[in-house]
Amino acid sequence: MITPTWVQLGYLAVAVCFILALKGLSSPRTARRGNLIGAAGAVAAVVLVFFSAPLDHVLPILLAIAVGTAIGVVGANRVKMTGMPQLVALFNGVGGGAAAIIALVELGAMTDQRPALIDLIATAFTILVGSISFAGSIVTFLKLQEWMTTRPVTFLGYPIAYVACLIAALGAAVGVVLVPSVAVGGLLTLLGLTLGVLLVLPVGGADVPIVISLLNAFTGLSVAATGYVFENLLLLVAGTLVGAAGTLLTILMARAMGRSLFSTLFGALRGGSTLGATTASDRPVRSAGPVDVAILLGYANRVIIVPGYGLAVAQAQHTLHQLVEVLQQRGARVDYAIHPVAGRMPGHMNVLLAEAQVPYEQLKEMSEINGEFGQTDVVLVVGANDVVNPAAETDPSAPIYGMPILKVNQARQVVFMKRSMRPGFAGIENELLFAPTTTLLFGDAKDTMSKLLAEIKAL
């Protein structure tokens with residue numbers, strides 16, 4: 001069937017929207033606009049498909065759209081900032097699962113035809129990769145939501161099971177190509193789901209940003225393959241963009257973690273790369289109250305803030321912004337040091353601080369800010385741990401060894417805001433906590449930040 005010219009022009013406009021959306025999302029300053037452009041493009045794409053192609057079962061389709069829209073609106077409005085990574089994981093999983101289901105249904109239709117070899121290869125690819133993305137995203141969601149342990153999960157014979165499942169999945173994919181049938185496709189789906197679970201189970205907390213990006217790339221590639229099977233240019237373009245962006249982001253996150261992409265994909269065969277711990281240290285540290293820390297910050301000329309997941313958990317970003325404004329009024333120069341993998345997903349801290357209306361100019365990437373710590377009077381670390389842990393540079397046995405860190409240990413004074421002495425996701429002590437230039441301020445970040453703000457205002 002020849003696609004009408006007006007539909008092709010519509011597809012072109014939507015594709016441009018998606019490209020502009022990705023461009024906008026590359027910077028905190030333009031991210032909101034980019035997101036809106038992408039959403040508008042997605043709505044336009046649905047409308048185009050709905051009115052340009054003969055559709056059966058219109059009422060069920062409209063009902064599904066209404067239900068999906070309601071769930072999306074309610075979920076997006078109610079989700080907290082700490083739940084954003086989980087929401088991203090769910091959205092990603094739904095995309096991969098939908099692509100796999102569509103490919104499976106299409107495979108059933110192919111059994112009555114003589115499909116081209118390339119179509120069968122694309123269908124098998126979509127079923128396998130989409131299933132892996134769906135199952136892996138669900139496990140990622142469960143880990144992030146802490147409905148299951150965030151620690152790496154392995155078992156006796158895990159490497160054998162992983163390799164066996166991978167070989168069986170590849171064999172089933174070949175079977176779909178050689179003997180196309182729903183039964184073989186169903187087997188491939190089950191193996192893909194199992195492989196997705198096995199891929200994510202051994203991943204510890206510190207590797208979650210890489211896994212989210214990787215699964216996002218998988219979903220994009222499966223959607224692109226679906227577009228090829230259906231000869232739908234819009235699906236092909238959208239999937240390719242998501243797959244390419246996810247792949248690039250995965251590589252960037254892996255570099256930021258000091259890991260190779262191969263290690264991310266197959267490091268699970270060694271039993272996981274990170275190990276979350278729960279044991280709190282009993283070593284002596286130097287601690288202080290809000291009054292002492294307020295004096296330290298209130299008379300500093302150069303201050304750098306290092307935000308982490310603990311800031312998101314406490315929802316203290318607005319109070320932190322007020323604190324920074326007060327420090328600036330007192331003549332201090334203040335910036336935020338953003339580590340690429342701080343939080344639970346790429347860009348988590350950027351989104352968190354943007355919600356508090358923090359000026360984009362104050363958000364400094366690691367490569368931009370690291371050279372300034374040596375001339376900094378006070379570094380305030382709020383809810384971060386592993387991204388400032390010197391063990392990444394000094395301890396070859398540490399699970400985070402090789403990961404680039406924010407060099408806060410070079411500052412004249414460091415203030416850690418922590419709830420307890422429990423280590424970060426990597427499960428190792430941070431020697432910076434015991435340094436003579438480090439002061440710990442214990443308590444809930446939001447409550448402690450409010451007291452700190454009041455004390456600084458009173459100076």
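## Ground rules

Because the model is predicted, local features need pLDDT of at least 70 and side-chain atom pairs count only at pLDDT 80 or more, while totals for chains, interfaces and linings use all residues. Residues are numbered from 1 along each chain as its sequence is written, and side-chain values use heavy atoms, with hydrogens and water left out.

## Helices α5 and α6

Let's start with a helix pair (helices are DSSP runs of H or I, at least four residues, and strands are runs of E, at least two, numbered from the N terminus). Helix α5 covers residues 117–144 and helix α6 covers residues 158–178; they pack at an angle of about 145°, with their axes 8 Å apart. Here axes are lines fitted to C-alpha atoms, for helices over the stretch in contact, and angles run from 0 to 180 degrees between N-to-C directions. The crossing of α5 past α6 is right-handed, meaning the near helix is turned clockwise from the far one by less than a right angle.

Who touches whom? On the α5 side you'll find Leu117, Leu120, Ile121, Ala124 and Leu128, and they meet Ala169, Ala173, Val176 and Val177 in α6 (contact means heavy atoms within 4.5 Å). Sorted by class, that contact has 9 nonpolar, no polar and no charged residues. Nonpolar covers Ala, Val, Leu, Ile, Met, Phe, Trp, Tyr, Cys and Pro; charged covers Asp, Glu, Lys and Arg; the others, Gly among them, are polar.

Buried residues of α6 include Ala169, Ala173, Val176 and Val177, along with Tyr158, Tyr162 and Cys165 (buried is under 20% relative accessible area, exposed over 50%, partly exposed in between, using a 1.4 Å probe and protein chains only).

## Helices α11 and α17

Helix α11 (residues 290–298) packs on helix α17 (residues 445–458) at about 55°, with the axes 8 Å apart. That angle makes α11 oblique to α17: under 35 degrees is roughly parallel, over 145 roughly antiparallel, 65 to 115 roughly perpendicular, and the rest oblique.

Pro290, Val291, Val293, Ala294 and Leu297 of α11 make the contact with Lys451, Leu452, Glu455 and Ile456 of α17. This one has 7 nonpolar, no polar and 2 charged residues. The crossing is right-handed.

## Phenylalanine 434

Where does phenylalanine 434 sit? Look in the loop between β5 (413–418) and β6 (438–442). Phenylalanine 434 is buried, because its relative accessible area is 18%. Its C-alpha atom is separated by 8.0 Å from that of arginine 283, 151 residues apart along the chain.
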